[in-house]
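My entries follow in the order in which I made them.

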Amino acid sequence: MTAYLCPRCKTNRSRFNKLEQKVTSIKMDPESGEVMSIMGEGEMDPFHMEYRGPDYRIQCATCGEIADEETFIQFARSHPRGS
Ligand SMILES: [Zn+2]
């Protein structure tokens, strides 16, 4: 179990939205913005970097702050309840 605390409003420890990062890799026409192709895993061209971010992010359901889970965990650790 890992507690969260929002680093922005500094009060919310219990209401959060978990945002799953669903990655779709696309190649666009640079002029029109039209999607030329949608690439699956292992189909990237050599110049296309695969997504390397976290699997999900966290939103504070009190103030709307969105950050990596680690940010909420670290803030909870450095601000224990009742201190
Ligand atoms: Zn907040």
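I began with Asp68, which counts as partly exposed because its relative accessible area is 30% (buried means under 20%, exposed over 50%, and partly exposed in between, with a 1.4 Å probe and protein chains only). I kept in mind that this is a predicted model, in which local features need pLDDT of at least 70 and side-chain atom pairs count only at pLDDT 80 or more, while totals for chains, interfaces and linings use all residues. I also noted that residues are numbered from 1 along each chain as its sequence is written, and that side-chain values use heavy atoms, with hydrogens and water left out.

Which side chain does Asp68 meet in a salt bridge? I found Arg57 as the partner, at 2.9 Å from N to O, where a salt bridge is a side-chain nitrogen of Lys or Arg within 4 Å of a carboxyl oxygen of Asp or Glu. The pair links distant parts of the chain, with Asp68 in strand 5 and Arg57 in strand 4, eleven residues apart; strands (E, at least two residues) and helices (H or I, at least four) are DSSP runs numbered from the N terminus. Arg57 is partly exposed as well, at 28% relative accessibility.

A search of the whole structure gave me three salt bridges. In another of these, Glu65 meets Arg8 at 3.0 Å, N to O. Glu65 sits in the loop between strand 4 (56-60) and strand 5 (66-68), whereas Arg8 is in the segment before strand 1 (16-20), 57 residues apart. I recorded Glu65 as partly exposed at 21% relative accessibility, and Arg8 as partly exposed at 48%.

I then looked up Lys27, whose side chain meets that of Asp45 in a salt bridge at 3.6 Å, N to O. Lys27 lies in strand 2 (residues 25-28) and Asp45 in the loop between strand 3 (35-39) and strand 4, so the pair ties together parts 18 residues apart in sequence. Lys27 is partly exposed at 42% relative accessibility, and Asp45 is partly exposed at 24%.
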